[in-house]
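Please examine the structure below.

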Amino acid sequence: MASPARVVAIVAGPGYGKSAVLGQWADRLASAAVWHTCTDADNDPAALLTALGGAAGAGPGIVTVAGLVQALPPDPARTLLVEGVHVITSAGSLNVLSDVIDRLPDTWRVGVSSRAKPRLPIARLRAAGDLLELGVPELSLGPDEAAQVLARSGVTLSPTATAELLDRTEGWPVAVSLAGMALRADGTRTFTGDDVFMREYLRTEVLAGLGGRDTALLVRCAILDELSGPLCDTVLRVRSSGAALEHLAAHGVIQPVGRDGDRFRCHPLLRDLLGAELHRKEPALVPELHRRAARWYADADVPDQAIDHAHRAGDIAEFTRLVLDWSQQTWVSGGIDSVHKWMSWLEEANTVSAFPAIAAHAALIFALVGEPARAERWSAIAKGVPATGTLSDGSTIEATLAYLDAIEARQGTEQMRRDARTAWEGLSPGSPLRATMRHTEALADLLDGDLDRADDLFVEAQEAAEAAGIGPLAAMVLCERASIAVERGDWSAAERSVAQATSIVTDGAFGSYWSSALVFAWAARIAVHLGLRSEAVEHTRRALALRPLLTYGLPVVSTQALLATAQASLGLGDLHAAASTARQAEEIVRRRPGLGDLPDKVATLVAAVQETANQGRPDTLTPAEVRLLPLLATHLTFPLIAERLGVSRNTVKTQAISTYRKLGVTSRNEAVARWEVLDGS
């Protein structure tokens, strides 16, 4: 092998071609190779010494390591290849092999293969730089190699099908080979660990020789993605599963996960087989095993796994309880896809009407992902039961349903405000939903034109969101405050708020969230106002990408985001984007009337878009002209503008005349007025 390492350790389970690698190495070495295949007899140290001496041509009578090493000539350089070191389990024989490796002449190299990490001085060799390790990643097949293996069985798959097979087999060479045989026999079936060819191999090469306790552990714990001692103890209701897992790992049956040494997993194909065995032999036990796993993961604060196992157990009460406890926190931490999956599972259940709080959460989540019809269905379920009772966190059912009414805003701003206050008072002091209610009450005041009170409530909402760690809401509130700042003519304050909001979205990886549409839209508006065209284009692009999420399910912020996006699009001269976005906003306020001044703002925007279309589109404005427009609105004269931009007075004059023509105006004042319409300020 082309490596300066003195010792090469090839470690992987059966079927990874370890012997083939050693064999190819031996073929290249020819007479310089010294080969020994371990057997049970090698657990006798004397027998192992004799076997190694015979392989090296040292002659009979070798009874000590020193004697063996002394009998080995330093020249020519040779390589000792030891196949199947995992067979050696006795401490005496392992000490002999370790001693031989340490004391071989410097001109000698060693290669060993094993199904599991051999009990040799691996750590010391690694630290000294004397070890090359080849494991599952190096021995697994890639797409081209898999295609070659399949071709030997007369099977040709598309690149996509090959990738899917590699995903199922994880590139395990023997599995790919057996898959080729199975697909040749029946190309329509999906290859799994329960396929007859794969099943026979797993039983004879991987599971053979295991005791009843080890086998039972593997079969019953096939429901688990990962195996650990405490988790398996809980699922099996036994003790000392950790020792059993270490034993199985030492024999290459399971694989370690990570570097901590106490977590393991089965190969997916082995897990297929074990899971099929479990469902064939003990189907009635499966729900209980999942139930135990759900409890363990819930106690360990691992919501994804806890909820998944509760779902698989068919325990609707526990499932809904866990989802209710974890959905908000998971959403906030970036797990919107997980929460959406949980809510979709709820639709499979027939008894969720008994849990109005979880139905309310489902309505919110489906609204957040742009599925208003599903949101309305869940909203109706939530409101179809008596609003009585208290949740485990102390929040009342009445407050939870008021929360839902407030964010849906079906009955205008006054009712929106009352619902938000009812929810605020009835939600538990520790509920993360309270921050949203402060934000919603502030929105009602904003829509009614009370900027001062709205701003005060937005400050409270921001503080509550930050205290609860709800980054998406905090970013959204900052943009609401930016809108108020612009209403007051304070673009500098708006710029600071939007910069902070953008930072929250970027740092928290919330770019695909519904709430981020408002952030990107306002970032685009600020960039347009400052004449930063490239930044404005990028922020507008990201805001437009979130348009499918902006629906009547959450009408107020959705409309605000669409307004800001359309205004930025107009400022950039993209009439098509502005028009389609304005139409979307118009449809929302049509379905949700009574939202304060939002309908008037939408109407003004639609008129501006139409006026722009009638007068000619400003989509040919150059970046220089976009930079000039905000300065025309100031007191600066053309010479001072020229000095600010670092160009000549004649250049500014030429750009101004060109801008007037493109905007369909004839004076600086008209250009400023036209720009304010396009910019939305």
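With a relative accessibility of 37%, Arg321 counts as partly exposed, a class that lies between buried (under 20% relative accessible area) and exposed (over 50%), with a 1.4 Å probe and protein chains only. The model is predicted: local features need pLDDT of at least 70 and side-chain atom pairs count only at pLDDT 80 or more, while totals for chains, interfaces and linings use all residues. Residues are numbered from 1 along each chain as its sequence is written, and side-chain values use heavy atoms, with hydrogens and water left out.

Arg321 forms a salt bridge with Asp325, the closest N and O atoms being 3.1 Å apart; the term denotes a side-chain nitrogen of Lys or Arg within 4 Å of a carboxyl oxygen of Asp or Glu. Asp325 is likewise partly exposed, at 36% relative accessibility. Helices (H or I, at least four residues) and strands (E, at least two) are DSSP runs numbered from the N terminus.

The structure holds 42 salt bridges. One of them joins the side chains of Asp194 and Arg280, at 3.2 Å from N to O. This pair links distant parts of the chain, with Asp194 in the loop between helix 9 (173–185) and helix 10, and Arg280 in helix 14 (residues 268–281), 86 residues apart. Arg237 and Glu288 also meet in a salt bridge (3.6 Å, N to O). Arg237 lies in the loop between helix 12 (229–236) and helix 13 and Glu288 in helix 15 (residues 286–299), so the pair ties together parts 51 residues apart in sequence. Arg237 is exposed, at a relative accessible area of 59%. Elsewhere, a network of salt bridges links Glu414, Arg417, Arg418, Arg421, Arg438, Glu441, Asp445, Asp448, Arg453 and Glu460.

A nonpolar core is a set of buried Ala, Val, Leu, Ile, Met, Phe, Trp, Tyr and Cys residues joined through side-chain atoms within 4.5 Å. In the largest, which has 176 residues, Trp172, Leu218 and Ile254 touch the most other members. Apart from it lies another core of 31 residues, among them Leu48, Ile88, Trp108 and Val112.

On a 1 Å grid over the protein atoms alone, a cavity is a set of points where a 1.4 Å probe fits but cannot get out, whereas a pocket is an open set with protein on both sides within 12 Å along at least five of seven lines; lining residues have an atom within 4 Å of a point. Four cavities of 30 Å³ or more are present. The largest cavity holds about 280 Å³ of space, a volume being the space filled by probe spheres set on the points, which are joined across faces, edges and corners. Its lining has 22 residues, of which Ile407, Thr436, His439, Met476 and Trp514 are the closest to its centre. Helix 23 gives the most to this lining, with four residues.

The largest pocket has a volume of about 1,400 Å³. Among its 44 lining residues, Val11, Ala116, Lys117, Ala249 and Pro256 are the closest to its centre. Elements that each supply at least two residues to this lining include strand 1 (7–11), helix 10 (196–206) and helix 13 (241–250).
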